[in-house]
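Open the structure in your viewer and keep the selection tool ready. We will take a short tour, one stop at a time.

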Amino acid sequence: VTDVADRPVRVALADDAVLLREALAAALAAAGFEVVGQAGDGPGLERLVERHAPDVVVVDVRMPPTHTTEGLETARALRAARPTIGILVLSQYVETRHAIDLLRDDPTGIGYLLKDRVVRVEDIADAVRRVAAGGSVIDPEVVARLLGRPRKQSPLDELTPREREILGLMAEGRSNAGIARALVLDPKTVEGHVSQVFAKLGLEPGTADNRRVLAVLEYLRAG
Amino acid sequence: MRGMNLVWARALAVGAAMIGIVAVEQLVLMTTPFEVHTTWLADRQLVVALDALWVVAVVVLMVRQPANDLWKVILLWQAAASALVFWYLPIEPHVIPELWWYLIGDVWAAVFIHLILAYPSGHFRDRLDRGIALSAYVVAIGAKMVFLTIEPTDCWVVCGNPFRFFPSEPAWRVLQVITIAVIVGFLVTSLIELARHWRAAGPSGRRQISPMLIAAPVWAVTVFAAYFADMFLDEAARTAAHSMNLLGVVQETAIPLAILIGALRSTLARASVADLAVRLGEGVPVGSLRPVLARAMRDPSLQLAFPAPDGEGFVDEDGRPLRPEPSGRSVATIRRSDGDVLALLIHDPALDAEDPGLVAAVGSVARLSLENERLSAQVRAQLEDVRESRARLVEAGDAERRRIERDLHDGAQQRLTALAIRLQTARATMPEAADLLDETTAELQAAIGDVRDLARGVHPTLLHEVGLAAAIDALAERATIPVEVDIPEGRLPEPIEATAYFVMAEALTNVSKYAGAGRARVTARVDGDRLVATVEDDGRGGADPSLGSGLRGLADRVAAARGRFDVNSPAGGGTTVSFELPLA
């Protein structure tokens, strides 16, 4: 796994569950990432970032001392200090609230994934790569829940199954190219579907990729 | 009865002494060979009327408040004023009554300050008050002694003064201004002290002090106006000042009237003991005895205390543990015939001075009612204990849920996930077992999902991370029907959030299980010091809280938080669960 400069993507990990952290480090290394260090809490991760300047940090939401949302706060602090660092937040539970909060300030290079996604190495590797490239990654579970949420009358009812699928992938943070790849479609076709979805939902067309995630998530949440 | 006779006898004796003092004064004036030129002292009708007013005031005060010692100060004041007429005694050489008259000439001012500071009990409250009064006496007499030694000329104040050692008019004038300034200073201080006593007094004390609060400044201003007129004004102005006889009457009646009114206002309580007996005879509902007793004692601040059921400390009539009573309160202990403490009456200490028998009388008249009240208070206290222990059980349950969620998170979930990662890593090295390992991983992931759902149900982390609104939002996302959530963001005390969450969650579960509803709505808002919440659906209704254990459990949970719980579920008309939780 290399970035444009043809060097491995450098990753730092923070999680207080040592067993899982080691397993994840091994999996990422096997997938071709350079794991520059591991930490057990937020301050530890900040020190790692200070020393090794990784491209991406992978951080668990729940860490000492309070075991609540330290990971989110660390992500916020890291992003404020280094606007270009990629941040992938892992959590045992994914909550729409946290996803939107994470994306709200600056959705560039932000990811929020269910922790057990790490089981499938290709999933986590893909997420790390997208975050490293400045994209957004939202766990399909969040998106599925938002799309599947029972609602009264809604413009969502007017989407075709294909459009619905594309809306879901947008909500996961995929770019048009990414959607085209995932659905094996021509990028032009995807573009057409996307503008159709935006028109049906009354969303502002031409929203930049990274802002698009937030717009879609907030739309679905409000629905 | 004998006690009452004694009180009357004492009061009448003091009244007689006062009449005696005035009689001596008038006798001196009637038999004197000198010309009487004091204006109103010679007006015998006025003197008799005024003295009568004083006697009535003192007798009323002493009968109504047998423990009151103000009469001593009043007697002293009258003596100080009347003793001035000894100037008219035909004693030779006449310089002796003249010296006497001059020396005690200003004592009345000191006694007045004494009276104000000791009002209404007749005793000083603190060393400051005692010090002021003592200083006033010392200055009033001591200054006169100094003045005698520097009298500028003979007959300036006393004719034939044998102590006129250093006659000096400038020294006299300077010293006079200083002395007056000091006395006025004491006077103003004592009036301020009176106001302070009024502020510090309880309601019944205030009722007695307030007339004096008006009378004392009136008296001081009018008297000192005349005093200064005597000293500094010319003959014509002085005559004019003294001819304001009406002013003199106002001035002389102000103080005895204030004492009389104060005594009458403060001591009507005794009569109310009889009313109390009648009122109690009619029956007082349990729980409302305190206001009845407070009215009888004329002390709205009255508190009742009963021994706590476990014998430790005291509880009030609602069964709540009583904090140590604030300082400056009097406590009367009412005992049962076997000597055990029945109740405490915690009351305004002014009641003791005003009417020492009153509190005991009220206590014995109300004994039976207090016994009822005590039983009720103790039952309430036990109920309160049970309620508190129930709230503790609920809170302990919530804490336990949080702990279990955390154990699942830190233990099983992490281990299973790490295991799944390892299986996938192994898959790369064992291509022949790839399918088996993939299947196993999928099973493992399903197990992780089960554990996650279980943990979330046990305790939603969003609840303590973000708050009630976020947690209910997340619940609504997973619901089987559209759920509208109208809950303001913001934090509430943790037990309140937990109770509200679990009640709402259970109510929503009921909606999806039984109500056959098309949609539901959850609302909450803070109204004053309460959280007011509802969960409503458009389902078939007909839910009965007395039947379903689910609803019963919700009601219990709300009751444990001292809340109010209500279910409105007409058949076919949807169900509305509403509850209120006190925030404090």
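Start where chain A meets chain B: the rule finds 13 residue pairs in polar contact across this interface, both residues at pLDDT 80 or more. A polar contact is a pair of N or O atoms within 3.5 Å; within protein, one must be able to donate a hydrogen and the other to accept it, and residues adjacent in sequence count only if both atoms are side-chain atoms.

Before moving on, note that this is a predicted model: local features need pLDDT of at least 70, side-chain atom pairs count only at pLDDT 80 or more, and totals for chains, interfaces and linings use all residues. Residues are numbered from 1 along each chain as its sequence is written, chains are lettered from A and ligands numbered from 1 in the order in which they are written, and side-chain values use heavy atoms, leaving out hydrogens and water.

**Stop 1: the interface**

Select chain A's side. Helices H1 (18-30), H4 (96-105) and H6 (140-148) of chain A are the elements that give two or more residues to the side touching chain B. Helices here are DSSP runs (H or I, at least four residues), numbered from the N terminus. H1(A) gives the most, with five residues.

Now select both sides. In contact (heavy atoms within 4.5 Å) are 30 residues of chain A and 38 residues of chain B.

Next, pick A:Arg97. It forms a salt bridge with B:Asp473, with the closest N and O atoms 3.5 Å apart. A salt bridge is a side-chain nitrogen of Lys or Arg within 4 Å of a carboxyl oxygen of Asp or Glu. The rule finds nine salt bridges across this interface.

**Stop 2: a pair within one helix**

Select A:Glu191 and A:Lys188. Their side chains meet in a salt bridge (3.9 Å, N to O). Why can they reach? They are three residues apart in helix H9 (residues 187-201) of chain A, so about one helical turn separates them. A:Lys188 is exposed at 60% relative accessibility, while A:Glu191 is partly exposed at 42%. Buried means under 20% relative accessible area, exposed over 50%, and partly exposed in between (1.4 Å probe, protein chains only).

**Stop 3**

Which residue pairs with B:Arg402 in a salt bridge? Select B:Glu494: the closest N and O atoms are 2.7 Å apart. The pair links distant parts of the chain, 92 residues apart: B:Arg402 lies in helix H15 (residues 367-429) of chain B, and B:Glu494 in helix H19 (residues 494-515) of chain B.
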